[in-house]
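The sequence and structure are shown first, and the description follows.

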Amino acid sequence: VYPESNILVNAVIGSVGLYPTLKAIEAKKDIALANKETLVTAGHLVMQAANEHGVKMLPVDSEHSAIFQALQGEDKKNIERLIITASGGSFRDYTREQLKEVTVAQALNHPNWSMGAKITIDSASMMNKGLEVIEAHWLFNIPYEQISVLMHKESIIHSMIEFHDGSVMAQLGTPDMRVPISYALEYPNRLKNASKERLDLAKIATLHFQEMSFERFPCLKYAYDAGKAGGTMPTVLNAANEVAVDYFLKEKITFLEIESLIYAAMEQHNIIKHPNLDEIQQTDFETRSLIHSFVK
């Protein structure tokens, strides 16, 4: 870790982001976190280490950045619930029947955001939102029962907080990752003109919202289930998803088989309730091997 630096930006894909995050925390570097798998896989270890070393965990994901921004000047004890918005991904208007025949190319065609392949597939399956729920649980120390997900196709409201008095604080903006990235890097200041495109609500005119269905998006349910189960179960969820998505991208399995493989891995797992780093890494390895064996 470079001694002259004061912040680590973790933007790698997957659970490989865990180890560099822990090493940077030990070196007392603040973390600008765009790698949600770090907290999904080992949230209890990462947040404990951050607290012990006095390190800030600054969210880069647009949804967590929105919550973080809305919390400025607020007391967390007044939170009623977090409301994480979801664009719905590439197949938000598809039925379950239509999902049986979808292609990789269709899955990679996200309506709002330009992202890497893995995250775009996760967005289509709604696993990305599930991982964000688990990440929000650790970042803001909020029970899963107080974290909701709301479909919002325009991606203008990036997330909201409902307080005990009924007030709702939301952070709005165009779908532009430069804003949450710059906020994490400049916090508590703001970078002037981080986004070149200004939000014009009169032009947009209408925003749409709808409830999320666990039946339509089972991966979101699996994430809630894994988070509430705790221990090594979120590690299994994440590892199974990473391998399954890779198989889908290589056209070795269908889109709906992603969720089937994740469910099978979770069903077979015996949870370790308070895992150390070695146990998490072993669980990750065993889960990946299990998914490989299922596919083969």
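## Helix packing and burial

The crossing of α12 and α13 is right-handed. These elements belong to a predicted model. Helix α12 covers residues 255–268 and helix α13 covers residues 277–295; the two pack at an angle of about 125°, with their axes 10 Å apart. That angle makes α12 oblique to α13. On the α12 side, the contact is formed by Leu261, Ala264, Ala265 and Gln268, which meet Thr287, Leu290, Ile291, Phe294 and Val295 of α13. Sorted by class, the contact of α12 with α13 comprises seven nonpolar and two polar residues, with no charged residue.

A second pair is formed by α2 and helix α11 (residues 233–249), which pack at an angle of about 150° with their axes 8 Å apart. Because angles over 145 degrees count as roughly antiparallel, α2 is described as roughly antiparallel to α11. The crossing of α2 and α11 is left-handed. Here Glu37, Val40 and Thr41 of α2 meet Pro234, Thr235, Asn238 and Glu242 of α11. The contact of α2 with α11 divides into two nonpolar, three polar and two charged residues.

The geometry of both pairs is set out below.

| Helix pair | Angle between axes | Distance between axes |
|---|---|---|
| α12 and α13 | about 125° | 10 Å |
| α2 and α11 | about 150° | 8 Å |

**Ala49 in α2**

Helix α2 spans residues 37–53 and includes Ala49. Is Ala49 buried or exposed? With a relative accessible area of 14%, Ala49 is buried, because the cut-off for burial is under 20%. Leaving aside residues up to four places away in sequence, Ala49 touches Leu22 and Ile25. Between Ala49 and Thr21 there are 10.0 Å in space, C-alpha to C-alpha, and the two are 28 residues apart in sequence.

**Helix α7**

Helix α7 takes in residues 127–140, a run of 14 residues. At 1.5 Å a residue, α7 should span 20 Å, and the distance of 20 Å between its end C-alpha atoms agrees with this. How many of the 14 residues of α7 are buried? The number is 13, so α7 is largely enclosed by the rest of the structure. Just after α7, Asn141 adopts a positive phi of about 55°.

Technical notes. Residues are numbered from 1 along each chain as its sequence is written. This is a predicted model: local features need pLDDT of at least 70, side-chain atom pairs count only at pLDDT 80 or more; totals for chains, interfaces and linings use all residues. Side-chain values use heavy atoms; hydrogens and water are left out. Axes are lines fitted to C-alpha atoms, for helices over the stretch in contact, and angles run from 0 to 180 degrees between N-to-C directions. Helices (H or I, at least four residues) and strands (E, at least two) are DSSP runs, numbered from the N terminus. Angles under 35 degrees count as roughly parallel, over 145 as roughly antiparallel, 65 to 115 as roughly perpendicular and the rest as oblique. A crossing is left-handed if the near helix is turned anticlockwise from the far one by less than a right angle, and right-handed if clockwise. Contact means heavy atoms within 4.5 Å. Ala, Val, Leu, Ile, Met, Phe, Trp, Tyr, Cys and Pro count as nonpolar, Asp, Glu, Lys and Arg as charged, and the others, Gly among them, as polar. The expected span of a helix is 1.5 Å times one less than its number of residues. Buried means under 20% relative accessible area, exposed over 50%, partly exposed in between (1.4 Å probe, protein chains only).
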